[in-house]
Amino acid sequence: MRQPNVLGEYLRARRELVTPDQAGLPASGIRRVPGLRREEVALLAGISADYYLRLEQGRDRNPSVQVLEALARALRLDADATAYLLRLAAPNRPKRRPAGEDVPESVAKLVAALGLPAIVESRHLDVLAANPAATALSPRLVVGANRLRDAFLDPAERALYPDWEHAASSLVAGFRETAGADAGDPGLPALVDELSQASPEFARLWALHDVAVCEGAPIRLDHPRVGRLQLNRERLGVSGTAGQKLVVFHPDPGTGSEAKLALLTTSAAA
């Protein structure tokens, strides 16, 4: 089976987002493509146009680090996007997720013991473990759910986020960063195809090829029971797993959100 051309797709998507003016090039003549032409990217990166064409077409999938870094500069990639580009071309990356997605026993016990909303999610954003406080925060945070499906296909989940566009774009960019470089993962194209067909918004965001490292970040929620919540979300890697993350939601001490979250978690434990 022919391997997907993830490197070429990424290069093409990113060059279409860079204008000649941004790259310091004259925008003369009729332009039939959005963004930069292939030969312009090659010029900016200091490589031949033929070699760049081979990269986009997938006929050369292992360029050197020096070439990739030159392309990153030409395409104006930030640090996260540059790291993702390097991973796309890295040889010997994992081709399959290890069989099973069991959460380490000690981590499962930690999730259960925490008084704060906590889940463990897979690289594909499947919920692998969740405590009652997490389910009180969102009924979709339960074992077996998928955060991408719920975010784009469940109106109740979408209604939780007053900053929906930002939340959705961050979710997709983080998903691509953690899972999108593994072209041999059979679960990835199936999930992406499903969501692309069911959600035009997901398809649009996925086509942008944006990447972002999703770690700690503040989030705002409009909860149907307690109203507006301002929480901190921490995403911590679970050692010894294939990219699992422990996600914990916590409020700033002494705030109204702390009192509201306490009300939710107390009722969930009752």
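His209 is found in the loop between helix H13 and strand S3 (217-223), where helices (H or I, at least four residues) and strands (E, at least two) are DSSP runs numbered from the N terminus. His209 has a positive phi of about 60 degrees although it is not a glycine. At 10% relative accessibility, His209 counts as buried; buried means under 20% relative accessible area, exposed over 50%, and partly exposed in between (1.4 Å probe, protein chains only).

The model is predicted, so that local features need pLDDT of at least 70 and side-chain atom pairs count only at pLDDT 80 or more, while totals for chains, interfaces and linings use all residues. Residues are numbered from 1 along each chain as its sequence is written, and side-chain values use heavy atoms, with hydrogens and water left out.

**Backbone with positive phi**

Most residues other than glycine have a negative phi. Leu125, not a glycine, has a positive phi of about 65 degrees. Leu125 belongs to the loop between strand S1 (118-121) and strand S2 (127-130), and its 4% relative accessibility makes it count as buried.

| Residue | Phi | Loop |
|---|---|---|
| Leu125 | about 65 degrees | between S1 and S2 |
| His209 | about 60 degrees | between H13 and S3 |

**Overall architecture**

The chain contains 14 helices and five strands. Its C-alpha trace spans about 65 × 40 × 35 Å along the principal axes. Of the 270 residues, 44% count as buried. Contact means heavy atoms within 4.5 Å; among contacts between residues at least 6 apart in sequence, 56% join residues at least 24 apart.

The chain exposes about 13500 Å², of which carbon and sulfur atoms supply 55%. Accessible areas come from the Shrake-Rupley method with a 1.4 Å probe, and for residues only the protein chains shown count as cover. The mean positions of the 33 positive and 33 negative charges are 4 Å apart. Lys and Arg count as positive and Asp and Glu as negative, with His and the chain ends not counted; the place of a charge is taken as NZ of Lys, CZ of Arg, CG of Asp or CD of Glu.

**Aromatic pairs**

A search of the whole structure finds five aromatic pairs. Rings of Phe, Tyr and Trp (its six-membered ring) pair if their centres lie within 6.5 Å; planes under 30 degrees apart count as stacked, over 60 as edge-to-face and the rest as tilted. Tyr10 and Tyr84 form an edge-to-face pair, with 5.0 Å centre to centre and 70 degrees between the planes. This pair links distant parts of the chain, 74 residues apart: Tyr10 lies in helix H1 (residues 6-15) and Tyr84 in helix H6 (residues 79-88). Tyr10 counts as buried at 1% relative accessibility, and Tyr84 counts as buried at 1%.

The ring centres of Phe152 and Phe202 are 5.5 Å apart and their planes stand at 80 degrees, so this pair is edge-to-face. Phe152 in helix H9 (residues 147-153) and Phe202 in helix H13 (residues 200-207) are 50 residues apart, and their pair links distant parts of the chain. Both Phe152 and Phe202 are buried. Ring pairs link Phe152, Trp164, Phe175, Phe202 and Trp206 into a cluster.

The charged end of Arg176 sits over the ring of Trp206, 3.6 Å from its centre; the criterion is NZ of Lys or CZ of Arg within 6 Å of the ring centre and within 35 degrees of the ring normal.

**Surroundings of Ala74**

Ala74 lies in helix H5 (residues 65-74) and counts as buried at 6% relative accessibility. Leaving aside neighbours within four places in sequence, Ala74 is in contact with Leu36, Val41, Leu44 and Ala45.
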